[in-house]
Amino acid sequence: RLTLHMRIYSTCLCFSLIFLAMACQTPKEKKVKSCIDVISFEQLKSRIDEPSKKIKVINFWATWCKPCIEEMPYFENVAEAYKDEVELHFISLDFVEDLENVKMLIKKKNIAGNTALLDETKYDDFMPKIDKSWTGVIPATLFVDKDGNEYFYEKSFSEKELSDTISGLF
């Protein structure tokens, strides 16, 4: 039989060990942005056209697009692997009224990349300005190399395909 003092001591010791174990862990936490910019097409276009010493990766997605959501971690992993050479932008094509849904998904999926919601509903007007071949399918990704050359893909990527595509732009 344990005395009351021994029970208290055992309980404290147990909690101390648990706390110590938790304190020693180094979880890989990302800084998730709580603020998502709502931007116009002109603002997006200036981001695309602005000269940069990095490769720009602009991924177009929406909260209702399952392949879009599935590939987002791949973009983050590859952008992290090439963090000195790549600038990642997630551009949501959700409606502005759905901004809270976008924020919740970004938080739920722990997405730390630069995220904006495009305040544009005239898809037939802006999509050809991104790339003439864009039929409207998402996910879609625009890559802009350091010289300003643009490469557009209307597809979802595996992590390897994405890494290979980016490494081919150096």
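Residues are numbered from 1 along each chain as its sequence is written, and side-chain values use heavy atoms, with hydrogens and water left out. Because the model is predicted, local features need pLDDT of at least 70 and side-chain atom pairs count only at pLDDT 80 or more, whereas totals for chains, interfaces and linings use all residues.

Helix 4 spans residues 99–108; here helices (H or I, at least four residues) and strands (E, at least two) are DSSP runs, numbered from the N terminus. Within this helix, Leu-99, Val-102, Leu-105 and Ile-106 are buried, where buried means under 20% relative accessible area, exposed means over 50%, and partly exposed lies in between (1.4 Å probe, protein chains only). These four residues are placed on the same side of helix 4 because they cover an arc of only 125 degrees around the axis, the arc being that of the directions from the helix axis to the C-beta atoms. On the other side of helix 4, by contrast, Met-104, Lys-107 and Lys-108 are exposed. The cover over the buried residues of helix 4 includes strand 1 (37–39), strand 2 (55–61) and strand 3 (86–92), together with helix 3 (66–81) and strand 4 (114–118), with contact taken as heavy atoms within 4.5 Å. After helix 4 comes Asn-110, which has a positive phi, near 60 degrees.

A salt bridge is defined as a side-chain nitrogen of Lys or Arg within 4 Å of a carboxyl oxygen of Asp or Glu, and by this rule the count comes to 7 salt bridges. One of them joins the side chains of Lys-103 and Glu-100, at 3.5 Å from N to O. Both residues belong to helix 4, where Lys-103 and Glu-100 are 3 residues apart, about one turn of the helix, and Lys-103 is partly exposed, with a relative accessible area of 26%.
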